[in-house]
Amino acid sequence: MSPLPRSAAARVLPRNATVAVTGLNATDNPGPGVGVIRALRHGAPFPTDDDRLAPFAGRIVGLAYDALEPGIYARDLVDDVFLVPYPSQGVDALRARLLEIHAATPLDAIIPTLDAELPAFIELAPELQARGIHTFLPGKEQLELRSKVRLSDLGRDHDLPVPESRSVSTVEELQRLEQDGMSFPVWVKGAFYGAERARDVHEAAGAFHRVVARWGLPVIVQEEVPGEEYDVVAVGDGRGGLVGAVPMKKTLLTDKGKGWAGVVVRDPALIALAERFMAATRWRGPCEVECVRDKDGTYRLLEINPRFPAWCFVSAGAGQNLPAAVLRLAMGEPVAPLRELVAGTMFVRISFDQLAHISDLQELAGLGELHRSPEEDR
Amino acid sequence: MAFLSNEPLPQAAQDRLRDLALSESGFAFDPFSGTTFSVNPTGKAIIEALARGLSPDSLPTLLRERFDVHGLSDPERDVVDFLGELRRLELLPARGEL
């Protein structure tokens with residue numbers, strides 16, 4: 001069964017779109033999906049009289065990897081849910097599943113939110129676009145440019161303040177770092193995820209083995225920069241410009257070091273750093289800029305995550321609804337640069353029990369999909 | 001005796017203090033850094049006076065007029081100490097006499 005064609009005359013506006021979102025794993029280390037969906041449902045990126053920018057009235061389709069991802073059971077957020085194959089199953093499996101889903105529930109846009117799935121969605125983006133499914137993603141080369149392995153080169157080539165970092169593949173290379181001028185403590189990072197702090201080369205060797213066992217080679221060793229951590233959720237227009245950026249300082253951390261509460265700040269230097277990254281990479285789509293303010297007051301760029309952070313809902317409260325902006329950009333609508341920023345806007349997470357019925361789990365686990373009628377619950 | 005400048009703060013420093021979200025109870029939020037701190041009524045009065053463009057050397061007199069200063073209290077010393085705290089919070093320029 002082929003997806004329903006959409007004629008130019010019947011072009012769907014972002015506010016009425018059917019949008020698929022991944023990353024519904026809202027645990028104590030949450031995926032970004034629930035935050036993205038809440039922002040979409042919250043409304044337009046900025047106040048306007050233009051009806052096209054009125055609050056979201058479309059349909060949200062959750063794409064989940066596991067039937068127990070908590071966001072699935074947020075009945076007020078997600079209308080339909082489909083299980084999708086894990087990224088390890090390859091692009092072909094994802095393509096086939098997305099086409100099945102599109103046949104059952106025609107999609108207008110997909111907002112992927114997880115690092116591991118991005119390469120596949122980027123590869124599929126032209127095919128999806130041809131079938132009327134819009135995305136707003138960076139290209140493969142852009143994704144690679146900000147990778148942990150190449151971030152140091154990016155900093156050097158574009159005068160971005162990245163702390164001293166090296167990519168290592170053997171313990172011998174690691175042991176030479178101190179002689180080569182790297183100072184401890186350092187962070188030993190997996191190429192895609194995970195980081196351990198090491199105070200000396202012996203601790204670094206232990207961390208190296210643990211990171212390799214879990215995440216593979218290479219391992220990135222980055223000098224620690226003492227200071228306060230700041231994060232920026234930002235969207236690039238793909239032409240070197242900044243669509244919008246909301247900086248945040250974490251005010252409460254979990255035992256995993258993840259932000260459980262934070263407050264929006266408006267230091268122009270943080271916005272300028274995001275602008276420089278966009279200009280250097282011509283980034284297209286959302287990202288999270290992680291940085292630390294050193295003792296001299298300089299922001300040093302620690303990492304770029306190539307997708308929305310879990311805390312992106314605060315952008316809607318701070319005057320820049322960045323997920324809504326990405327949806328509009330994906331669907332070809334213009335978005336003027338967003339510069340309003342309400343400093344002092346806070347997010348404070350809460351953990352509570354959702355009530356669900358076993359029939360939801362049965363339906364999803366048995367059929368791989370779950371549908372809620374528009375009247376149900378909302 | 002500590003030296004306090006008879007010049008108002010530079011305009012950028014006044015703007016920075018004016019941008020502080022300072023509640024009636026003295027809870028302050030710096031929108032640039034995200035730092036929060038609390039000040040007592042004396043500290044609040046100093047911040048508000050500096051933000052209005054009063055010079056640091058006028059602050060001891062202001063404190064004597066508005067608060068019950070007596071005994072061993074030394075408003076000049078208190079103002080110098082408090083300006084040091086504001087400098088530590090990067091709300092005042094790091095160098096120069098204030």
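Trainee: Which residue forms a salt bridge with Asp294(A)?
Mentor: Arg300(A) does, with the closest N and O atoms 3.5 Å apart. A salt bridge here is a side-chain nitrogen of Lys or Arg within 4 Å of a carboxyl oxygen of Asp or Glu. Keep in mind that this is a predicted model: local features need pLDDT of at least 70, side-chain atom pairs count only at pLDDT 80 or more, and totals for chains, interfaces and linings use all residues. Residues are numbered from 1 along each chain as its sequence is written, chains are lettered from A and ligands numbered from 1 in the order written, and side-chain values use heavy atoms, leaving out hydrogens and water.

Trainee: Is Asp294(A) buried or exposed?
Mentor: Buried, at 12% relative accessibility. Buried means under 20% relative accessible area, exposed over 50%, partly exposed in between (1.4 Å probe, protein chains only). Arg300(A) is partly exposed, at 22%.

Trainee: What about Asp237(A), which residue does it form a salt bridge with?
Mentor: Arg239(A), with the closest N and O atoms 3.7 Å apart. Arg239(A) is exposed, at 61% relative accessible area.

Trainee: Chain B now. What does Arg64(B) form a salt bridge with?
Mentor: Glu76(B), and the closest N and O atoms are 3.2 Å apart. That pair links distant parts of the chain, 12 residues apart: Arg64(B) sits in helix α3 (residues 59–66) of chain B and Glu76(B) in helix α4 (residues 75–88) of chain B. Helices (H or I, at least four residues) and strands (E, at least two) are DSSP runs, numbered from the N terminus. Arg64(B) is partly exposed at 43%, whereas Glu76(B) is buried at 16%.

Trainee: Which residues do salt bridges that share partners join into one network?
Mentor: Arg75(A), Asp360(A) and Arg372(A).

Trainee: How many salt bridges over all chains?
Mentor: The count comes to 31.

Trainee: Strands next. How many residues of β2(A) are buried?
Mentor: Five of its six, so strand β2 (residues 59–64) of chain A is mostly covered, buried being the under 20% class.

Trainee: Which strands do bridges join to β2(A)?
Mentor: Strand β1 (residues 18–21) of chain A is joined to β2(A) by four bridges, running parallel. Four bridges also join β2(A) to strand β3 (residues 80–83) of chain A, again parallel. Two strands pair if DSSP finds at least two bridges between them.

Trainee: And which residue stands opposite Val21(A)?
Mentor: Gly62(A) in β2(A). On the β3(A) side, Val61(A) stands opposite Asp80(A).
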